[in-house]
Amino acid sequence: MNYRTLGKTGLKISEISLGTWQVGGKWGSGFDDEKADQIINAAIDQGVNFIDTADVYEEGLSEKAVGRVVRSRSEEIYVATKCGRQINPHTNENYTPEALVKFVEDSLKRTGLERLDLVQLHCPPTDVYYRPEIFEAFDKLKDQGKVRNLGVSVEKIEEGIKAMEYDNVATVQIIFNLFRQRPSELFFSEAKKKDVGIIARVPLASGLLTGKFDSNTHFDKEDHRNFNRNGEAFDKGETFAGVDFEKGLKAVDELKALFPDAKNLAPIALQWILQFEEISCIIPGASKKDHLLSNTSVYDLPPLSSEKIEKMNAIYDKYIKPEVHQRW
């Protein structure tokens, strides 16, 4: 495992870390505590020392699993969670400092930790980024020793750039992968100027970049890859990084032709992300141990040549860029 600095936090974190949206099993399958514990322990065994969760993942069960495993280990593991998505309706008006403080305190109880290393606003409405009192609320939590750092998880680049105007914002979590390349333009350079850590989420475009799907692939009824392809439930960009599924499959077919010996494209897709030094870490999810081992197998591969990277980017330019590049 290699480690990078998480911006102004100063934390040295594993560049391949763990996202826990589906750590207890497949999307919509319910939560399996034993499976969650197995995956999180395996991640730590592989050198992962940064785990990202959220209070709404399986109604808090993900946070409980992360806390349970971290407390059982001797290694120093950094825990990041998110708050705000419990607000219903999820509107700017319903965001208050009091509500957010309560969410953080509830997360502390669920994880059983005395302090959270990173708390992130969880994709709030855009207007929230223009309310200083929301960001100031976390300074008091830091003073109380309950929160170590504040970050945001964003849908849009513009939200990330606005958030970085607040000095106490130390990290921005943003969708970034071979099929979502726009952040590498202005956003990366602005984050670097402000020493803000960048956490790359949805790095495999909801599994599309593994190369394991085809037009006959079936997703469960409760899986967002089934019900949110057009943004019916939440931001469309969360599902397949906003890429049309059938068009994405065509792009993936060309990736397969570019890497004919690869049985699994996932580690190659992660390699592509790691070429950007501005990235602090990637947080691929895993619904079973094999997925985790696939993600960390990135270190078993030869480096991507500049020629391969150029051809990968050409596939993006051909299939993806015209439709999604400016959307997020």
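Two strands count as paired if DSSP finds at least two bridges between them. Helices (H or I, at least four residues) and strands (E, at least two) are DSSP runs numbered from the N terminus.

This is a predicted model, in which local features need pLDDT of at least 70, side-chain atom pairs count only at pLDDT 80 or more, and totals for chains, interfaces and linings use all residues. Residues are numbered from 1 along each chain as its sequence is written, and side-chain values use heavy atoms, with hydrogens and water left out.

**The sheet**

Select residues 50–52 and 78–83. These are strands S4 and S5, which pair in the parallel sense over 3 bridges. Pick Asp 52, and its bridge partner in S5 is Ala 80.

Contact, here and below, means heavy atoms within 4.5 Å.

Colour the whole sheet next. It is open, has 8 strands with parallel pairing, and runs in the order S3-S4-S5-S6-S7-S8-S9-S10. S3 (18–19) and S10 (279–282) stand at the edges with a single partner strand each, so one side of each has no neighbour in the sheet.

Go to Ser 14, in strand S2 (residues 12–14). Is Ser 14 buried or exposed? Ser 14 counts as buried because its relative accessibility is 0%; buried means under 20% relative accessible area, exposed over 50%, and partly exposed in between, with a 1.4 Å probe and protein chains only. Beyond residues up to four places away in sequence, Ser 14 touches Met 1, Asn 2, Tyr 3, Gly 47, Val 48, Asn 49, Phe 50 and Cys 281.

Then select helix H10, residues 289–296, where Leu 292, Ser 294, Asn 295 and Thr 296 are buried. The buried residues of H10 pack against S3, H1 (33–45) and H9 (266–274).

**Pocket and cavity**

On a 1 Å grid over the protein atoms alone, a cavity is a set of points where a 1.4 Å probe fits but cannot get out, and a pocket is an open set with protein on both sides within 12 Å along at least five of seven lines; lining residues have an atom within 4 Å of a point. Grid points are joined across faces, edges and corners, and a volume is the space filled by probe spheres set on the points.

Select Phe 259, Ala 262, Ile 268, Leu 301 and Pro 302. Of the 14 residues lining the second largest pocket, these are the closest to its centre. The volume of this second largest pocket is about 220 Å³. Which helix gives the most to the lining of the second largest pocket? H9 does, with 3 residues. The lining divides into 9 nonpolar, 2 polar and 3 charged residues. Ala, Val, Leu, Ile, Met, Phe, Trp, Tyr, Cys and Pro count as nonpolar, Asp, Glu, Lys and Arg as charged, and the others, Gly among them, as polar.

The largest cavity has a volume of about 40 Å³, and a search of the whole structure finds 1 cavity of 30 Å³ or more. Its lining has 7 nonpolar residues, no polar and no charged ones.

**Ile 315**

Move to Ile 315 in helix H11 (residues 306–324). Ile 315 is buried, at 6% relative accessibility. Leaving aside neighbours within four places in sequence, its contacts are Ala 251, Glu 254, Leu 255, Leu 258 and Ile 320. Ile 315 and Glu 254 are 61 residues apart in sequence, with 7.1 Å from C-alpha to C-alpha.

**Loops and backbone**

Most residues other than glycine have a negative phi, and most peptide bonds are trans.

- Asn 88 and Pro 89 are joined by a cis peptide bond, with omega about 0°; Pro 89 is in the loop between S5 and H3 (97–111).
- Asp 195 has a positive phi of about 55°. Asp 195 sits in the loop between H6 (186–193) and S9 (197–201), and is partly exposed at 42% relative accessibility.
- Ala 205 has a positive phi near 50°. Ala 205 lies in the loop between S9 and H7, and is buried at 0% relative accessibility.

End at Asn 230, in the loop between H7 (224–227) and H8 (245–258). Asn 230 counts as exposed, at 58% relative accessibility.
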